[in-house]
Amino acid sequence: MRDSDFYRAFEDKHRGSRALIKSRLMAYLSFLQPLLTLYPEPEALDLGCGRGEWLELLTEQGFAARGVDLDDGMLAACYELGLPATNQDAIAALNACADDSLAVVSAFHVVEHIPFETLRTLVHEAFRVLKPGGLLILETPNPENLTVGATNFYLDPTHQRPIPPLLLSYLPEYVGFYRTKIVRLQEPEELQTRRDIGLLDVLSGVSPDYSIVAQKPGRKSALGLFDSEFERNIGLDHYNLAIRFDSSIAQRFSALESLCHAALAKSVDAEAKAIDAGVKADQFHGQLMGVYASRSWRLTKPLRWFNLQLRRLPNEGFKARFKALIKKILRRMFSVINNRPRLKNWLKSIVYRLGLYPRLRNFYIKTNLSPKIDQSKQLSNLGQYAQQIHARLSNAMMQHNKEER
Amino acid sequence: MRIVIDMQGAQTASRFRRIGRYTLALVQEMARQRGEHELLLVLNAAYADTIEPIRAAFAELLPFDAIRVFDVAGPVGGHVADNDARRKAAELMVEAFYASFEPDVIFIPSLFEEWNGEGAVTSVHSLQNAIPTAVVLYDLIPLIHRQAYLEPNPAMERWYLGKLDHLKRADLLLSISESSGREAKEHLNFPERAVTNISTACDVQFHPIDLTEGEHARLKSDYGINRPFIMYTGGIDHRKNIEGLIRAFAILPKPLRLTNQLVVVCAIQELDRDRLLSLAKNQGLGGDELVLTGYVPEDDLLALYNACTLFVFPSWHEGFGLPVLEAMACGKAVIAANSSSLPEVLGRADALFAPRDDAAMATKMAEVLGNPAFRQELERHGLAQAKIFSWQASAQRAWNALEALHREYQKPAITLPLPKRPRLAFVSPLPPEKTGIADYAAELLPELARHYEITVIVAQERVEDAWVQANAPIRDVTWFRTHSNQFDRVIYHFGNSEFHAYMFGLLEEIPGIVVLHDFFLSGIVWYMDSKGVTDFLPNTLLASHGWQAVKDRYTASDTAVVWAWPCNLSVLRHALGIIVHSDFSRRLAQQFYGAHAADDWALIPHLRQPAEQDGKAVARQQLELAETDFVVCSFGGLGPTKLNHRLLDAWLASPLAKDANCRLVFVGENHGGDYGQALLRKIAQSPAKDRITITGWADVSTYRTWLAAADAGVQLRTLSRGETSGTVLDCMNYGLPTIVNANGSMADLPADAVCLLPDEFSDAQLIEALHRLWQDAPHRTALGARALAHIRKHHNPRHCADQYAAAIEAAYIKANLGVQGITQALPHLTPALAPSELFPFTHTLAANCPPKPRKPQLLLDVSELVNVDLGTGIQRVTRALLREITLGEANGWAVEPVYATSDQPGFRYARKFMSRFLNIPDDWTGDTPVEAWQGDIYLGLDLAQGIVVAQEGTLQTWRLRGVRCYFVVHDLLPVTMPEVFPEGSREGHQRWLQTISKFDGVFCVSRHVADEFHEWLQVFGEKRERPFHLHWFHHGADIDNSAPSRGLPSDAPKTLATLKARPTFLMVGTIEPRKGYLQTLHAFDLLWQQGIDTNLVIVGKQGWMVESLVELLRVHPERDSRLFWLEGISDEYLEQMYAHANCLIAASHGEGFGLPLIEAAHHGLPLLVRDIPVFREVTANQAYFFADSREPEVIATAVQDWLALFEQNQHPSSAAMPHQTWNDSATQVLNAILNKSPAYKTWISDQTAS
């Protein structure tokens, strides 16, 4: 058996039939629609086009689509259908394209086959050749799905390493794409709405594939056409499923909790009455009594806090409230320390000597206990003016880096 | 002189130490002495808790705006290499922040901020060398004693040497003593003139006091001091030489030693305590002879100074030696080491000893203790010497030194020629493009090229200009985008035609100098809008002129209305410098963007290549004109704004029309529309039609031929938008006598070089001017000659190009102090800033360097309205105020509605909502995050309790930065009458009140609410540093302006007819316990039982806690015959109710305002109301009052009494009740916010009660 045939047979067996693949690819159509209104007969390039399902779909939609692949067995399928595909390396194909010439660059189940450095080059080149507002689509197995990440990924001996969504989505962001969307795909549809989530669902129910759809900067009005797609939530991640799994367990505890709640509700009543009494008293007694009332307000603070905890407990669960409590205590502690420089330095020197400083510092930053202002890490969280500055700074950095190289 | 002072020394951990107190005390005194100088204090937002106290400390001394706060993306501490990139970036930024205030001098009272810290950043000349910088020098002890202080601690050494590098770049050191100044000269090679001693002072609390017996006893019991004592205070540190002091004490003559204790006053660690005690033991000191007090409070320190017999300060090395001064100020005998600064502080040679000689120290101590006369002499000397040192004296010296620095420092003048010709990208249309700017650029280029190596950047197919082809590379825009960093300078020529459309985006990417040939640029922006770049125009209008302009863009039928708005703001903001050709443009900028908007604009006359003067005969030959013809020309494309029809009419009406030798020529392309057709018709109909010509588009050579051939020029304008009038200058350049009107920039022409008509001239004036030019040849010649002379002098191309170079260079020097400079410097940082750090850095940079020009924002929080419009009374108020404020006159302010949610930090501009609110499309905008800066104002218009509480952090951040935050308060009822509100209301409201009371002030909807809030503050108000302001305003009565709802139900006519049948009493408001419905219903039950025939109409939705009342209403026997309950009716139907009822009953037990009262009064409806203070206020007593009781009989009786009066027409009328419009309400709020009217009340916490 020739290698190329092996691949086609393998794909036929494991990726599913041509029709099935094609129907799955339909998920991307809504991303593509606006491109057709922006550019007449937009060009698309599919890297690793395989049997050409995607090319076929694009062509049907009105794209001038062509593909490259290194596997002649696969390409044969394209030729059979008269699809424009050639045997060429993905990077070489991109290199051959002019700046700002393509509306779509895509690669389905390619990136897990290539070294990371090549992947970086691919994203860089894609950025260069895309038109303003153009899209880069990279689809790959989703390691968030534990079964995929631990087993199925390695079914294919040419797979290099699973690529986590955060890494793959960061690349285009770093290169300068306007925005990047993680699209999770192919999960069992009924799982979206089902209530009783089991452990097996958590392990294997997460979308088995995902892709990142990255968009090159363009005119605001043009980019606006894609907003709804980029804002839509697609697919299932492990976080979501795990939370739902947790909450279905948590429901079993709720009966117990409501018992607690009833018992403690009485203390809440008592508190309300105490406060009322305090307020009425101060209406009669003027300023002196005012001081007392203010003290009573402060005295009841623990009670009110407790009341608040009670109300939040059923909503957020024991674990979250416990964490919040620890955080509250730590924050108070750090604030006390921060305001006492001598104590702070002394503690620091001890921690240094114990060799704990880097770990504690990391923890301090990670848990966000520092009193610092919430810093924006996302372009969309920057205001318009800040975005303009950001564009200028990153442009200056980019031109500089180019020269350095 | 304007001076920026970095106050971080008073913010970091230093604030607990002498350096912090020094910074604060010195700068406070400098502020008192500032005279004509302007002072700006710069604070770091990372030390949030310190900002309010510092603002309070300067509240009496400086205006609020003089304190400016910057953000830093940390951690930036110099002790860890990990922080290097962030720190260096922050250093650039902090300098840009200093420079943004355009100070003459920067002053850093504490540069070494802060060891082991993570937020402080100080910097000297990392970004710029253009502003002289002065730094206070305390000492160089760590440098001089490196082995002891730096080498054992590599992190400290790293940090210290980093800071030292900045110190060495300072232009002036202000040392705290002669001695520390000397060290800077010796160890850092500073020249004499760059170091000035400004000395220091101690707090005024250090003075002689008589201690009571009780205090002596306390010192004994607290510290074990039981006999006369020798005192030392300071730190425990190697150089302080406490060991020497103990050894010297030990060898004192026995009698002296036994009668005195040695008391070392200062915080001490266990290790040091053990060491000193064992040393004392070894020296033979026992029992209580050596006392180590440990830390003592300030009051005890003062008592100890006053209680001691002798103060000894044996330190080897000091920056100043403050304890010596404090002890002297307390009138004590002081002896000290003869080292470093101590001799100058002590001021007396016989009080000094050699610190490393124990015997000498012991001898000196014995001399004072054993000789009371000498001791008293030292005490007298100490008091006198201490008076030399004061904050007044130090501040005076600091000012003198800073003034001298400013005098000495010359702003770098730009001298031409430049040392090397910088590379300049010249972005402009060039010939053959059919625009005057292309020709202008072609004339400018050869002259400008003397100063720059020029590449022209064009968006046209070909350039037809011999000079360009010979001398300048021609590049297109795409090439320029990727090669912009090859250029040192970029210059853009902006005009009001489609040739400039691509420049808007390009300038945003690649900033440069902008030559503004037209101020408004509205034509080109409209052109772009019509070509499908649809978001630019409305966004520009909003940014520049607010919502009214955006509304006009979509709704105004006459585009001229929208043409009234300049569309140049994004160009002005991205330009690194602006060049204009006339003062008119500068005046327009001031008019639209504030008095200082055009301060640094350069005014450079339009250059003119001298025209040949003797070509007239040849030109006339070419144009087939006779020598005797009198030719009047008007140059430039024809159009309504050029007033060509006025010239045509005047010329036809003048004697010139009747003379066969007179000709009128319009040199330029005719208007393509109706206007052009009308001109042609008029010409065709006139008898002189053969002598009137419109030439059509004239190329450069034809244009010049006409200029050479003409006898006179007429250039008229109206609706000028700041464009340059090149054609007038062309006329003058050819020595033509020219008639102009004083419109736009033409008003700036010298009156003796043209024939200047008024802007709004009459036909007669124009006819007269034409006639005179024709008839009066000598006048004509003289005027032409003066025009020519003016052009030669002021529009000389070489001279203009020199001005260009000077303006470009000056603008780049300035731009390099700001965002542009940082953009240039940031890529070169080593180590480089990580990509992930770029966001936080950008965030802070944008916060620290606001765009210019900009109007301050008035941010109206309408979160509740945006999230869900419940249509409550409060939301009606919100909508009415929102409409009045956004569309009204908030002169000089950018009014922006904003919103937030309770689950995500930060506010967003409510632009989508606002578009819907104004009924215009919303596809041009997005709700981007709000960016707020110093000088902005936030007003919480809505009642959005949860959201405000959740956003407290964001609001606090803004407030620190200098954004003032106010809230509208509708009532305190959930807190004052919790029993009539659903469970939890009280807590929610209380928490909200608690939050808003931490900000700047409130606007209450009545005086009564303001009074209640003030009372609430007495009880619950938290400690604060600055006063809280309480204002009140009243609602408007014009329902029409609160965006009312419409619609009548089908049974309305029947209901209204029933109301006419008998006297009708109306109640309006949500059905809730507070409103007194139940009591009123019972009252009417009584009346109906007594056979009194009246209607009761209740208008209002069901609220909370009224289930039984509602049931009562539903099944009431009188329902729909004499009792009516109308739920959720439209505002229109409500108006009908007001019109048909006879009296309004307001039975509520508590209200914030009582909107139905004024609405009823507005309809002339009499009022029957409960006697509570807020109703007294709102009705101004123009109502019939019933007692505030819960008995139904009270209301029943009141209704009967009122009916009796009503029958005789004796009831109180509401006609005289004062009511105002929503516009008045908005004005009340705006006046208070913009500080035009004082607060009704202010509140500050009682400091002792906290």
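Two strands pair if DSSP finds at least two bridges between them. In strand S31 of chain B, B:Arg964 is the bridge partner of B:Ile937. The model is predicted, with an ipTM of 0.87 and a pTM of 0.74.

**Confidence in chain B**

- Chain B has a mean pLDDT of 92, and 99% of its residues reach 70 or more.
- Among the elements of chain B, strand S14 has the highest mean pLDDT, at 98.
- The lowest mean pLDDT among these elements, 73, belongs to helix H25 of chain B, residues 559-563.

**The seven-stranded sheet of chain B**

- An open sheet in chain B is formed by 7 strands in the order S16-S15-S14-S17-S18-S19-S20, with parallel pairing.
- Its edge strands are S16 (474-476) and S20 (602-603) of chain B, each of which pairs on one side only.
- Within chain B, strand S17 (residues 489-494) pairs with strand S18 (residues 513-516) in the parallel sense, over 4 bridges.
- B:Phe494 has B:Leu516, in S18 of chain B, as its bridge partner.

**Helices across these strands**

- Helix H18 of chain B, residues 436-448, lies across strands S14 (423-427), S15 (453-458) and S17 of chain B.
- The angle at which H18 of chain B runs to S14(B) is about 170 degrees.
- Helix H35 of chain B, residues 797-815, lies across S17, S18, S19 (577-580) and S20 of chain B.
- H35 of chain B runs at about 115 degrees to S17(B).

- Strand S30 of chain B spans residues 937-940, and both of its faces are covered.
- On one side of S30 in chain B, B:Ile937 and B:Leu939 are buried; on the other, B:Tyr938 and B:Gly940 are buried.
- Strand S27 of chain B (residues 857-861) pairs with S30(B) in the parallel sense over 4 bridges.
- B:Tyr938 in S30(B) stands opposite B:Leu859.
- S30(B) also runs parallel to strand S31 of chain B (residues 964-969), and 4 bridges join them.

**Totals for chain A**

- Chain A has 17 helices and 7 strands.
- Of its 405 residues, 41% count as buried.
- Among contacts in chain A with a separation of 6 or more, 73% are between residues 24 or more positions apart.
- The accessible surface of chain A is about 22,300 Å², and carbon and sulfur atoms account for 59% of that surface.

Definitions and conventions
Residues numbered from 1 in each chain as written. Chains lettered and ligands numbered in written order. Predicted model: local features only at pLDDT ≥ 70, side-chain atom pairs only at ≥ 80, totals over all residues. Heavy atoms only, no water. Helix = DSSP H or I, 4+ residues; strand = E, 2+ residues; numbered from the N terminus. Contact = heavy atoms within 4.5 Å. Axes fitted to C-alpha atoms, helices over the stretch in contact; angles between N-to-C directions. pLDDT = per-residue confidence, 0-100. Buried < 20%, exposed > 50% of the residue type's maximum accessible area, 1.4 Å probe, protein only. Areas by Shrake-Rupley, 256 points an atom, 1.4 Å probe, with all protein chains shown as cover.
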